[in-house]
Amino acid sequence: MAYAYDPENIFAKILRGEIPNNTVLETEHCLAFRDIAPQAPDHVLVIPRGPYVNYDHFAQQASDAEIVDFTRTIGKICAMLGIQPGEGGNGYRVVANSGEDAIQEVQHLHVHILAGRNLGRMLPKFD
Ligand code: AMP
């Protein structure tokens with residue numbers, strides 16, 4: 001499967017410094033910043049610096065170093081926000097919308113870290 005990455009997507013522009021962002025953490029392979037339209041008191045997006053469209057693209061083609069850094073960065077953000085359930089925090093949700101059915105709006109892989117309120121059940125009941 002070939003993935004068509006559009007370098008004009010808004011997160012690519014953020015990575016190039018063409019659009020400002022509210023940075024939470026920068027690492028060698030990732031950038032984490034606050035969502036512009038937060039859906040919870042803490043709503044942070046973590047993106048890889050590499051040109052990956054979505055999660056499965058990243059899982060297939062990213063290097064081990066990129067994948068490790070991405071995963072560890074998510075954990076570091078949770079620690080910075082004090083939301084780790086095992087460390088006295090109230091918990092969080094990590095979401096990666098990928099493709100049409102998930103209504104992915106920005107075509108550069110990102111995970112949402114949501115926390116700071118009761119987030120409800122993940123989805124309405126399906127029948
Ligand atoms: P998704 O629907 O999973 O593709 O989510 C895209 C997210 O990007 C939404 O939650 C938007 O609010 C967020 N977003 C879009 N533009 C920006 C921006 N310039 N800075 C921060 N977050 C943004």
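Visitor: Which atom of the ligand does a polar side-chain atom of His110 lie 2.8 Å from?
Guide: An oxygen atom. Keep in mind that this is a predicted model.

Visitor: And how much of the ligand does the protein cover?
Guide: It covers 88%. On its own, the ligand has 510 Å² of accessible area.

Visitor: What about Asp35, how far is its polar side-chain atom from an oxygen atom of the ligand?
Guide: That distance is 2.5 Å.

Visitor: Does Glu105 use backbone or side chain, and what is the distance to the ligand oxygen?
Guide: Backbone. An N or O atom of the Glu105 backbone lies 2.7 Å from an oxygen atom of the ligand.

Visitor: How many residues surround the ligand in total?
Guide: There are 16. The closest are Asp35, Asn97, Glu105, His110 and His112.

Visitor: What classes are they?
Guide: The shell has 9 nonpolar residues, 4 polar ones and 3 charged ones.

Visitor: Which elements give two or more residues to the shell?
Guide: Helix 1, residues 10–15, and strand 2, residues 30–34.

Visitor: Which element gives the largest share?
Guide: Helix 1 does, with 3 residues.

Visitor: New topic. What is the mean pLDDT of the chain?
Guide: The mean is 97. Of the residues in the chain, 99% reach 70 or more.

Visitor: Which elements have the lowest and highest mean pLDDT?
Guide: Helix 2, residues 55–61, has the lowest, at 97. Strand 3, residues 42–48, has the highest, at 99.

Notes. Residues are numbered from 1 along each chain as its sequence is written. This is a predicted model: local features need pLDDT of at least 70, side-chain atom pairs count only at pLDDT 80 or more; totals for chains, interfaces and linings use all residues. Side-chain values use heavy atoms; hydrogens and water are left out. A residue is near a molecule or strand if one of its heavy atoms lies within 4 Å of it. A polar contact is a pair of N or O atoms within 3.5 Å; within protein, one must be able to donate a hydrogen and the other to accept it, and residues adjacent in sequence count only if both atoms are side-chain atoms. Accessible areas come from the Shrake-Rupley method with a 1.4 Å probe; for residues, only the protein chains shown count as cover. Helices (H or I, at least four residues) and strands (E, at least two) are DSSP runs, numbered from the N terminus. Ala, Val, Leu, Ile, Met, Phe, Trp, Tyr, Cys and Pro count as nonpolar, Asp, Glu, Lys and Arg as charged, and the others, Gly among them, as polar. pLDDT is the predictor's confidence in each residue, from 0 to 100.
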